[in-house]
Amino acid sequence: MFDNLFKDAPAIPRAGDFKNDQGILICGKCRQARECLVNCPDGRTVKKHIRCQCDTEDEENYLRRKRHEEFQDRVAKLRRLGITDEAYTAQRFENDDGRNPDVTEKCKQYVAKWDKMREHYFGITFTGAVGGGKSFYACCIANALIDRGVKVLVTRLSDLVRNRVQDKGDFVKLRDFDLIVLDDIGIEGATQTAYNIVDDIYRANIPLIVTTNLSLSQLKESTSIEKQRIYDRILQRASYPIKVDVTISRLDIARKNAKKTQDILLNEENITKE
Ligand SMILES: [Zn+2]
């Protein structure tokens, strides 16, 4: 786009530009020359368009904008590739209701220290009662890392098993991902395929984040050898346990409703002021 502007030809005047006493066009905005004189072999002197400060800044802004757009395209592609269940895409730190600040902080730290986590293949096991928000926190991490251009897959082990059994030639290439989130482990059957998938992730040194309604002791001491084999592998990668308790009480709801009411009242007041 910009290279075409600077061929051996005089600059096209813009509003505010003027000529100096040598007839050189000067930028009306930054007061730098927009042309220089070039001596030709045949003895002629011609004017050549050169960049003034504004042109350089425009070009830098253009390139910055282009790089930003390319990165956003990449992020959108990563999200389409890694998060197939649309419900997961809205689960982001921005939508956190702050019910569990300790858990939120740990999740944010995981994202902040991602390079170290990736290097050592460290992951997380989220346990706790139904409704506490285990999947929410796991997806917050996934979405925040995707925003940074990290290749994350969010899925269920049961879905991976089903896909691999149904379509042997074309299953998801787990090794392509930097982080895998398995939501709700424990509902899948303890099949050889389930073990193979978990083993693939383990051998590929990919950090693993899992959520489960099982307790940590149930994962560590399963009733069957087949299940234990799977959970042992998972816990080796999803090694850091975070318990997510259900803390939302009637009091919390009442407090939140009061806050919402106040927000509406204050906003309406602002509107009438304007
Ligand atoms: Zn200028």
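# Zinc site, sheet and domains

Guide: In this predicted model, a zinc ion has four protein donors, namely Cys27 (SG), Cys30 (SG), Cys52 (SG) and Cys54 (SG), at 2.3 to 2.4 Å from the ion.

Visitor: What makes these atoms donors of the zinc ion?

Guide: A donor is an N, O or S atom within 2.8 Å of the metal. The SG atoms lie 2.3 to 2.4 Å from the zinc ion, so they count as donors.

Visitor: Why is the site of the zinc ion called tetrahedral?

Guide: Four donors count as tetrahedral if all angles lie between 85 and 135 degrees. Here the angles among the four donor atoms are 106 to 115 degrees, so the site is tetrahedral.

Visitor: How are the donor residues spaced in sequence?

Guide: The spacing is C-x2-C-x21-C-x1-C. Cys30 belongs to the loop between β2 (25–26) and β3 (35–39), while Cys54 belongs to helix α1 (residues 53–82), so this pair ties together parts 24 residues apart in sequence.

Visitor: Why is Cys54 counted as buried?

Guide: Buried means under 20% relative accessible area. Cys54 has 8% relative accessibility, so Cys54 counts as buried.

Visitor: What is the strand order of the open sheet?

Guide: The five strands follow the order β6-β7-β8-β5-β9, with parallel pairing. β6 (152–155) and β9 (240–243) are the edge strands, since each pairs on one side only. On average, neighbouring strands are turned by 15 degrees against each other, direction ignored.

Visitor: How do you know that β6 pairs with β7?

Guide: Pairing needs at least two bridges. Four bridges join β6 to β7 (residues 179–185), so these parallel strands pair. Val154 stands opposite Val181 in β7.

Visitor: Which helices lie across strands of the sheet?

Guide: Among them, helix α2 (residues 101–112) lies across β5 (124–127), β7, β8 (208–212) and β9, and runs at about 150 degrees to β9. Helix α5 (residues 157–166) lies across β6 and β7, at about 95 degrees to β6.

Visitor: What is noted about phi of Tyr121 and Asp184?

Guide: Most residues other than glycine have a negative phi. Phi of Tyr121 is near 55 degrees, a positive value, and phi of Asp184 is near 60 degrees, also positive. Tyr121 is in the loop between α3 (114–120) and β5, whereas Asp184 lies in strand β7.

Visitor: Where are the domains?

Guide: The domain assignment gives domain 1 (3–53) and domain 2 (70–243). Their C-alpha centres lie 59 Å apart.

Definitions and conventions
Residues are numbered from 1 along each chain as its sequence is written. This is a predicted model: local features need pLDDT of at least 70, side-chain atom pairs count only at pLDDT 80 or more; totals for chains, interfaces and linings use all residues. Side-chain values use heavy atoms; hydrogens and water are left out. Donors are N, O and S atoms within 2.8 Å of the metal (3.2 Å for Na, K and Ca); water is not among the atoms, so sites may look incomplete. Four donors count as tetrahedral if all angles lie between 85 and 135 degrees; four count as square planar and six as octahedral if opposite donors are over 155 degrees apart and all others between 65 and 115; anything else is irregular. Helices (H or I, at least four residues) and strands (E, at least two) are DSSP runs, numbered from the N terminus. Buried means under 20% relative accessible area, exposed over 50%, partly exposed in between (1.4 Å probe, protein chains only). Axes are lines fitted to C-alpha atoms, for helices over the stretch in contact, and angles run from 0 to 180 degrees between N-to-C directions. Contact means heavy atoms within 4.5 Å. Domain bounds come from an automatic or database domain assignment.
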